[in-house]
Amino acid sequence: MTRLPLPPSLYADTAVAPVATPPLDVDKSVSVAIIGGGYTGLSTALHLAEQGVEALVLEAQEPGWGASGNNGGHTNPGLKHDPDQIEADFGAELGRRMIEFAYGTTNFTHELIRRYQIPCEARQNGTLRAAYHEASAAAIEKTAQQCIRRGMPVKYLNREQLREMTGTDRYIGAMLDARGGDLHPLSYARGLARAAISAGAKVFGETPALSLRRDGTRWRIETPRAVVHSEKVLLATNGFTDDLWPALRRTIVPVFSSIAATAPLSDEVARSIMPTRPVLYESGHITVYYRIDQQNRLLMGGRGPMRWIKSPYDVAYLMRYAERLWPQLKGIAWTHGWNSRLAITADHYPHVHEPAENILISLGCNGRGVALATAMGSQLARRLIGGARAEIDMPITGIKPIPMHAFWPVGVTTAVIAGRVRDRLGI
């Protein structure tokens, strides 16, 4: 196969050079084979290699080709659900561990970046979860209270404070979590690959897994040029999950998330937008998220067409919305527009499965993949090494296909339209 070019993103034009990941062309026998070269797979390979476990990553394109190298660049703490809801869903003990883990993922990620000196423009200036409707603001304040009760470094901000932080009077309330931040996603993915390889893992690009089956006591993975035999396997394909494992594809909805980027703004304009450089995502039925990068570009993300895009004009509504927030942007050049596929689960929790002996599956970051997938790498490595006796801080569940999954494209399009209407009406 021929390696597909990266999506036409700002990241592809500005990332650090990739590490060599040639195709696998010789049969291999390893302890752990990992299918998928995004953050989850690369971080797991790194954490396995750190402990002396022979790990091999099979990536259909190149590390970071999918959403890992094409996301908004936010490192956001937590899960979609509030802490109290997590404990209600999974019980006090596991719920507490899930909360501590999920809200600690950003510190984990930024510490890993420092430890391996990964050049990816990483900053930890905080995450704003902002609301422009009273109902959403009340919900965010409730979330903040739950976090504060658990001793987290968060605070609730009012309209005046937000105007100073964002340069717009759009928002009436927000939760600021000091542990959030941002980075250059593709540079980070390439840095993770480099770190994993330096620790002893093997990473092969242009090597899709074509089939997976038992072969005696081991697993056999066929690729276009070679066969891999492994004791254990991790599937980490997220938004690009196919039919390699029965019914797995039908447990997630692959949703495109799009980003538009401006040319570098003047220092004066950039300071007028986000002077302290937190990242922000809106609390609404259709999430919009944005940040100012280290070159003063505004990166604005949200839902777009459920197909690949190549231009910022494919998501012109993001450009118009940016001008609504900050009228001083009128006439600014928008240079890039791109997207990739995320994996959304029906319950909006990440899913970890063990459908057979020595098979582990992790997918469904639900838009929080940068920090969450990175930290999951350590958890998954522990499980792969220790087996069922090695508890992790996320539930391990059975594979449950989503009913009527074949109709997801229509369902997503309908949900996006309905969500935008509800956000405009404030309901």
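**Figure 1. Glu50 pairs with Arg115 in a salt bridge.** Their closest N and O atoms are 2.8 Å apart in this predicted model. A salt bridge here is a side-chain nitrogen of Lys or Arg within 4 Å of a carboxyl oxygen of Asp or Glu. Glu50 belongs to helix α2 (residues 39-50) and Arg115 to helix α5 (residues 105-116), so the pair ties together parts 65 residues apart in sequence. Helices (H or I, at least four residues) and strands (E, at least two) are DSSP runs, numbered from the N terminus. Glu50 is partly exposed, at 34% relative accessible area. Arg115 is partly exposed too, at 45%. Buried means under 20% relative accessible area, exposed over 50%, and partly exposed in between (1.4 Å probe, protein chains only).

Residues are numbered from 1 along each chain as its sequence is written. The model is predicted: local features need pLDDT of at least 70, side-chain atom pairs count only at pLDDT 80 or more, totals for chains, interfaces and linings use all residues, and side-chain values use heavy atoms, leaving out hydrogens and water.

**Figure 2. Arg3 meets Glu206 in a salt bridge.** The N to O distance is 3.1 Å. Arg3 sits in the segment before α1 (10-14), and Glu206 in the loop between β8 (202-204) and β9 (211-215). The two are 203 residues apart. Arg3 is partly exposed, with 25% relative accessible area. Glu206 counts as buried, at 17%.

**Figure 3. Six residues form a salt-bridge network.** Its members are Glu93, Arg96, Arg97, Glu100, Glu391 and Asp393. The whole structure holds 22 salt bridges. Another joins Arg220 and Glu222 (3.4 Å, N to O). Glu222 is partly exposed, at 31% relative accessible area.

**Figure 4. Helix α7 (residues 159-166) has a buried side.** Leu162, Met165 and Thr166 are buried. Seen down the helix axis, the buried residues fall within an arc of 80°, so they line one face of α7. The arc is that of the directions from the axis to the C-beta atoms. Exposed Glu160 and Glu164 sit on the face turned away from the buried side. Cover for the buried residues includes β4 (127-131), β5 (154-158), β6 (173-177), α9 (267-273) and β13 (279-282).

**Figure 5. Asn158 and Gly167 flank α7.** At the start of the helix, a side-chain oxygen of Asn158 reaches to within 3.2 Å of the backbone nitrogen of Glu160. Gly167 follows α7, and its phi is positive, near 75°.

How values were computed
Contact means heavy atoms within 4.5 Å. A polar contact is a pair of N or O atoms within 3.5 Å; within protein, one must be able to donate a hydrogen and the other to accept it, and residues adjacent in sequence count only if both atoms are side-chain atoms.
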